[in-house]
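Me: Hi! I'm new to this one and would like a quick tour. Could you show it to me before we start?

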Amino acid sequence: MKTLGIIVVLLFGSLLIYCTLDFPPWGDPQAPASMHVSPRYIERTMQETSVPNIVTAVLADYRGYDTMFETVVIFTAGVACFFLLRIFGRIESESRMYRHIPTGITLRISKDAEPPRESREFERIDLAWVPYDVVVKTSCRIIVPFCQLFALYVIAHGHHSPGGGFQGGVILGASVILFAISNNMRLSFTRISEKMAVLLCGLGVLIYAVTGALGTLLGSNYLDYGALSRLFGVDPVTARSLGILFVEIGVGITVMAVIITLYYNLASAGRHDEGL
Amino acid sequence: MTELLPIVIAKLNYWAYIALMMIGLYAMIAKKNLVKKIIGMSILQTAVILFFISIGAKKDATIPIIVHGHEGGSHAARAAEYINPLPHVLMLTAIVVAVATLGVALALVIKIYQQYQTLEEDEILTRLQDE
Amino acid sequence: MIWQIELVVLLIVIICGIGAITVKDLLGAAILFGAYSFMMCLLWAIMGAVDVAFTEASVGAGVSTVLFVATVFRTSRRTKD
């Protein structure tokens, strides 16, 4: 298998290297890839959408269909992971671990025994014993709000600087993952439950589709945000900029929810009781 | 030799990307561990993305964010001054889709492990024959 | 664009890629893959693809490493090759 693999890989590589001999030199401004449609994007974006970041404008406006179905692909992946791994119904584990907070003593309680009464003195901890770590918990608790604020900035300021719905959504999801790792998964379920995460997956795609459909309802093409000008009472160029913002918010919500769903399902192997 | 050197310098970047693609493809074919195969797939993916991004690169051009002032309106942007934004757009969505598909692949790996208690391809095959 | 820096980063990327598929510990492979992604992100920033670099820094170096570590935590760390 190894020799066969090396032969196939070498054939593949030599074929590709042979093909590069016809390529334009690296960084050539006259390369064919830069000659057809991209000059139009660069020259007209500012007049047509008033968005300085060309990547955002092309992503959400000129190639809106592409981005919409990419979002649907991400949504599908999240739902597929949910259906593959999720085990419904409670599976009682062999034993549970509790920590007595004032003394730091950990208790292992077997399946049949009665757990300690719900009080502020006992907290349930994961079976893979997690040490009582005040520093990690506190510093992560301080970092998480700033992470989320930065993510909102990235989504909202994607018109003028690098960023947009995809990046902001990933950072929002990562902040929830950070919270779930530094505390535990049961606590993060109280913040964003599984049902909420799956609903948000669909909500983002819905926001995107509705923004596109508004264009159709107002007598223009699907995903033509210029038609929103009548709804908001602004000129079509500003309306395009606003439409891009709505679409980016939808993308951000979907990406955040899918990242959280993937983490919840992978880290607990579908049982949703204990995480990393 | 003197004619060969400029060709080598001009194509060196492309050859490095092809080397990355070969590493990824080799891992997908020859490695027996499923997680290693997925890592190889991700390396192949990022190498292809790198190749696409390098197609759009231009010498003496700046990042694709148009310079605009508050006073007197923006001057017309010239295409030679900005890097080609089109590959960036296509590859940006590809990266996020890659992480979503990575999640599905890892979910399948966890399912396989729960069924066969191993991640090695040959051990899974022998267990399939035993049944 | 400074071609010397680009060449060095490209070299590190290839080394990290080879390391990620040869190391005999899946947790180590996951971490090396994170390093690979981060170096790739630097490479894109050098080429001027800032949006793509930003995405890769948050997705490749952040979230996919966490997903790999979660999978290794739920399965096994052992690998034969």
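Predicted model: local features only at pLDDT ≥ 70, side-chain atom pairs only at ≥ 80, totals over all residues.

Me: What box do the C-alpha atoms of chain C fill?

Reply: Along the principal axes, the box is roughly 45 × 20 × 10 Å.

Me: And how much of chain C counts as buried?

Reply: Chain C has 81 residues, and 57% of them count as buried. Its accessible surface is about 3100 Å², with 77% of that belonging to carbon and sulfur atoms.

Me: What about the charges on chain C, how far apart are their mean positions?

Reply: There are 5 positive and 5 negative charges, and their mean positions lie 21 Å apart.

Me: Switching topic: which residues touch the most other members in the largest nonpolar core?

Reply: That core has 128 residues, and the ones touching the most other members are Leu20(B), Ile39(B), Leu50(B), Trp44(C) and Phe68(C). Helix α3 of chain B, residues 86–116, gives the most to this core, with 18 residues. As background, nonpolar side chains in soluble globular proteins tend to be buried together.

Me: Now chain A. Is strand β1 mostly covered or mostly open?

Reply: Mostly covered: β1 of chain A spans residues 95–100, and five of its six residues are buried.

Me: Which strands does β1(A) join, and how many bridges are there?

Reply: Six bridges join β1(A) to β2 of chain A, residues 105–110, and the two run antiparallel. For instance, Ser95(A) has Ser110(A) as its bridge partner. Another four bridges join β1(A) to β3 of chain A, residues 122–125, again antiparallel. There, Met97(A) stands opposite Ile125(A).

Me: How many residues sit between the strands in the hairpin of β1(A) and β2(A)?

Reply: Four, and Gly104(A) in this hairpin takes a positive phi near 85°.

Me: Which residues other than glycine have a positive phi?

Reply: Ser50(A) is one of them, with phi near 55°. Ala269(A) is another, also with phi near 55°. For context, most residues other than glycine have a negative phi.

Me: Where are those two, and are they buried or exposed?

Reply: Ser50(A) is in the loop between α2 and α3 of chain A. It is partly exposed, because its relative accessible area is 30%. Ala269(A) is in the segment after α10 of chain A, and it counts as buried because its relative accessible area is 8%, under the 20% cut-off.

Me: What about Thr49(A)?

Reply: Thr49(A) is in helix α2 of chain A. It counts as buried, because its relative accessibility is 1%. Beyond its sequence neighbours within four places, Thr49(A) is in contact with Ala57(A), Asp61(A), Val237(A), Arg240(A) and Ser241(A).

Me: Last one: where does Tyr82(B) lie?

Reply: In the loop between α2 and α3 of chain B. Tyr82(B) is buried, with a relative accessible area of 2%. Tyr82(B) and Ile66(B) are 16 residues apart in sequence, and their C-alpha atoms are 8.0 Å apart in space.

Conventions:
Residues numbered from 1 in each chain as written. Chains lettered and ligands numbered in written order. Heavy atoms only, no water. Buried < 20%, exposed > 50% of the residue type's maximum accessible area, 1.4 Å probe, protein only. Areas by Shrake-Rupley, 256 points an atom, 1.4 Å probe, with all protein chains shown as cover. Lys, Arg positive; Asp, Glu negative; His and termini not counted. Charge placed at Lys NZ, Arg CZ, Asp CG, Glu CD. Core = buried A, V, L, I, M, F, W, Y, C linked by side-chain atoms within 4.5 Å. Pairing = 2+ DSSP bridges. Contact = heavy atoms within 4.5 Å.
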